[in-house]
Amino acid sequence: MNLKLKLLLGTVYLICFSALMYFIFSNFDFKDLSNVNFFKNNQQLLNDFKLENIFLLLILFSIFSIIWILLLGFGSPLILFAGFVFGKWLGTLISVISFSVGATLLYCLANFFFKDFIKNKFSVKIEKFI
């Protein structure tokens, strides 16, 4: 039963990861995501959307950040985006909360999948520390 659950969760993880990467790279070019001019050119559009829908944008950013951290494990582009869109204090607050939840879920997922593997592989080497 445990092996079937791990296979199911691993498959769901890979499907979600693939869908996220497809969505990101089919709608945006990597040069756009790493170029500050892309965000400067769309700053007015982002500011208008933020003023009209601040709570929706906060919720969507939080969910996207949690999923991003869970699937990819890093958050540098999201921190820059949060500071750019939400400002220094609100961007920091929403990023820290979202990244903490995403990192906790990533730890739980990695612990679930790799605990037995690490224990079997390195038990002889770390036996005296256990």
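Trp 68 counts as buried, at 10% relative accessibility. The model is predicted. Four aromatic pairs occur in the structure. Trp 68 belongs to one of them, together with Phe 64. Trp 68 also takes part in the contact between helices H5 and H6, and in the largest nonpolar core it is among the residues that touch the most other members.

**Aromatic pairs**

- The structure contains four aromatic pairs. One of them joins Phe 61 and Phe 86 edge-to-face, with 5.5 Å centre to centre and 70° between the planes.
- This pair links distant parts of the chain. Phe 61 sits in helix H5 (residues 54–72), Phe 86 in helix H6 (residues 76–86), and 25 residues separate them.
- Phe 61 is buried, because its relative accessibility of 5% falls under the 20% limit. Phe 86 is buried too, because its relative accessible area is 8%.
- Phe 64 and Trp 68 make a tilted pair. Their ring centres are 5.7 Å apart, and the planes stand at 50°.
- Phe 64 and Trp 68 are four residues apart in helix H5, so about one helical turn separates them.
- Phe 64 counts as partly exposed at 29% relative accessibility, whereas Trp 68 counts as buried at 10%.
- Phe 61, Phe 81 and Phe 86 make up one aromatic cluster.

**Helix H5 against helix H6**

- The axes of H5 and H6 come within 11 Å and cross at roughly 170°. The angle is over 145 degrees, so H5 runs roughly antiparallel to H6.
- On the H5 side, the contact is made by Ile 54, Leu 57, Leu 58, Phe 61, Phe 64, Ser 65 and Trp 68. On the H6 side, it is made by Pro 77, Leu 78, Phe 81, Ala 82, Val 85 and Phe 86.
- Twelve residues of this contact are nonpolar, one is polar and none is charged. Ser counts as polar, so Ser 65 is that one polar residue.

**Largest nonpolar core**

- The largest nonpolar core has 14 residues. Leu 20, Phe 61, Trp 68, Leu 78, Phe 86 and Ile 94 touch the most other members.
- Two or more residues of this core come from each of helix H1 (2–27), H5, H6 and helix H7 (88–122). H5 gives the most, with six residues.
- In soluble globular proteins, nonpolar side chains tend to be buried together.

- Leaving out residues up to four places away in sequence, Phe 61 touches Leu 78, Phe 81, Ala 82, Phe 86, Ile 94 and Ser 95.
- Ser 65 also lies in helix H5. At 0% relative accessibility, Ser 65 counts as buried.
- Neighbours within four places in sequence aside, Ser 65 is in contact with Leu 78, Ser 98 and Phe 99.

- Tyr 22 is found in helix H1. Its relative accessibility is 63%, over the 50% limit, so Tyr 22 counts as exposed.
- Tyr 22 and Ile 94 lie 72 residues apart in sequence. In space they are 25 Å apart, C-alpha to C-alpha.

Technical notes: Residues numbered from 1 in each chain as written. Predicted model: local features only at pLDDT ≥ 70, side-chain atom pairs only at ≥ 80, totals over all residues. Heavy atoms only, no water. Phe/Tyr/Trp six-rings, centres within 6.5 Å; stacked < 30°, edge-to-face > 60°. Buried < 20%, exposed > 50% of the residue type's maximum accessible area, 1.4 Å probe, protein only. Axes fitted to C-alpha atoms, helices over the stretch in contact; angles between N-to-C directions. Parallel < 35°, antiparallel > 145°, perpendicular 65-115°, else oblique. Contact = heavy atoms within 4.5 Å. Core = buried A, V, L, I, M, F, W, Y, C linked by side-chain atoms within 4.5 Å.
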